[in-house]
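I opened my notebook for a first look through this protein. Here is what I looked up, entry by entry.

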Amino acid sequence: MGKKGAIHLKDITVKVIDNDVERAMKILKKKIQNDGLFKRLKMKKHFEKPSQFRRRKMREAMRRQRIATSRKH
């Protein structure tokens, strides 16, 4: 069992084809962004008070709910 709120990272792999490192970097950045790693790193830079954490989580849940209901219609 890990800590409460522990981050579990999944493996992200990118293959470099024909020595095209620029394209591989672009793909890697997109995968990392879609995974939410940049957002998590940004959040960990500064301490977030528990009350701020709860408010942020509530806002994110409301946003997800709004998006889900708009997709149904």
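Predicted model: local features only at pLDDT ≥ 70, side-chain atom pairs only at ≥ 80, totals over all residues.

Next I looked for partners of R56. I found a salt bridge to E48, with the closest N and O atoms 2.9 Å apart. E48 itself is partly exposed, at a relative accessible area of 21%.

R56 also meets E60 in a salt bridge, at 3.0 Å from N to O. I checked where the two sit: both belong to helix 3 (residues 50-72), and because they are 4 residues apart, about one helical turn separates them. E60 and R56 are both buried.

K39, E48, R56, K57 and E60 are linked in a network of salt bridges. A reminder to myself: side chains of opposite charge can pair when their charged atoms come close. My count for the protein is 5 salt bridges. Among them is the pair R40 and D35, at 3.4 Å from N to O. I noted R40 as partly exposed, with 25% relative accessibility.

On to the surface. I noted a nonpolar patch made of V16, V21 and M25, with about 250 Å² of accessible area together. M25 lies in helix 1 (residues 21-35) and is partly exposed at 41% relative accessibility.

Last, I stepped back to the whole chain. I see 3 helices and 0 strands, running α-α-α from the N terminus. Buried residues make up 7% of the 73 residues. The protein exposes about 7,700 Å², and carbon and sulfur atoms supply 55% of that.

Technical notes:
Residues numbered from 1 in each chain as written. Heavy atoms only, no water. Buried < 20%, exposed > 50% of the residue type's maximum accessible area, 1.4 Å probe, protein only. Areas by Shrake-Rupley, 256 points an atom, 1.4 Å probe, with all protein chains shown as cover. Patch = residues over 30% accessible without salt bridge, like charges linked within 9 Å, V, L, I, M, F, W, Y side chains within 5 Å. Salt bridge = Lys/Arg side-chain N within 4 Å of Asp/Glu carboxyl O.
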